[in-house]
Amino acid sequence: MTDTAATSGAAAGDDTAAGAHRAQARDILSGYAGHKGALLMALLDVQYQLNYIPETTVDDAAEILGYSQPEVWGVLSFYSDFSVGQGHDHFIDVCIDAPCHVTGARAIERAVRDAVTAGGKTDVAVRAISCPRLCNQAPVVAYDQEWRGQLTPRRAAELARNLGGDTA
Ligand code: FES
């Protein structure tokens with residue numbers, strides 16, 4: 001399950017826009033339902049039409065196209081064509097699935113969120129995500145899609161503090 005949480009709140013108008021974008025993305029994805037191997041094309045279509053990939057598209061593509069969430073996330077994180085999420089320049093993705101969970105992912109997630117909040121980094125979003133299949137390096141975190149493994153909360157927070165430059 002992909003649980004996405006940005007570090008800065010969205011205005012009510014943004015929520016409405018996000019809902020409209022999600023509906024549009026779901027319509028686009030539905031056009032590819034039943035087509036084997038259509039995941040990449042469907043995601044590119046969403047990117048092309050919306051100029052970004054709504055974070056909800058991970059769940060929606062998995063549901064509509066019959067892939068697992070890690071498979072969808074794997075495609076999105078592999079190709080640089082995709083811009084996942086809107087309103088942030090930087091993303092920190094914390095894997096929270098079982099092998100990372102048992103090696104401290106939640107403590108790492110807390111440390112990263114605290115570092116981002118304390119640093120006033122309004123251009124950085126922190127997301128809790130599903131397994132990117134780097135379990136032998138657990139716990140793992142991606143900083144702008146660059147994966148780092150065997151992290152401690154202290155090191156994860158330090159890397160978070162070095163990401164982005166926007167301060168509130
Ligand atoms: S569970 Fe975190 S990388 Fe696999």
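**Notebook: helix 6 and its neighbours**

I began with burial: in helix 6, Ala105, Ile108, Glu109, Ala111, Val112, Ala115 and Val116 are buried (20 or more other C-beta atoms within 10 Å of a residue's own, with C-beta atoms placed from the backbone). Seen down the helix axis, these buried residues fall within an arc of 165°, so they line one face of helix 6 (the arc is that of the directions from the axis to the C-beta atoms). An α-helix has 3.6 residues a turn, so residues three or four places apart point the same way.

A note on the source: this is a predicted model, where local features need pLDDT of at least 70, side-chain atom pairs count only at pLDDT 80 or more, and totals for chains, interfaces and linings use all residues. Residues are numbered from 1 along each chain as its sequence is written.

Next I looked up the extent of helix 6, which covers residues 105-118 (helices are DSSP runs of H or I, at least four residues, numbered from the N terminus).

Then I turned to helix 7. I see the two helices packing at an angle of about 30°, their axes 8 Å apart (axes are lines fitted to C-alpha atoms over the stretch in contact, and angles run from 0 to 180 degrees between N-to-C directions). Helix 6 and helix 7 are therefore roughly parallel (angles under 35 degrees).

Which residues of helix 7 does helix 6 meet? I listed Pro153, Ala156, Ala157, Ala160 and Arg161, in contact when C-beta atoms lie within 7 Å.

Key. Expected span 1.5 Å × (residues − 1). Buried ≥ 20, exposed ≤ 12 C-beta atoms within 10 Å, placed from the backbone. Parallel < 35°, antiparallel > 145°, perpendicular 65-115°, else oblique. Contact = placed C-beta atoms within 7 Å.
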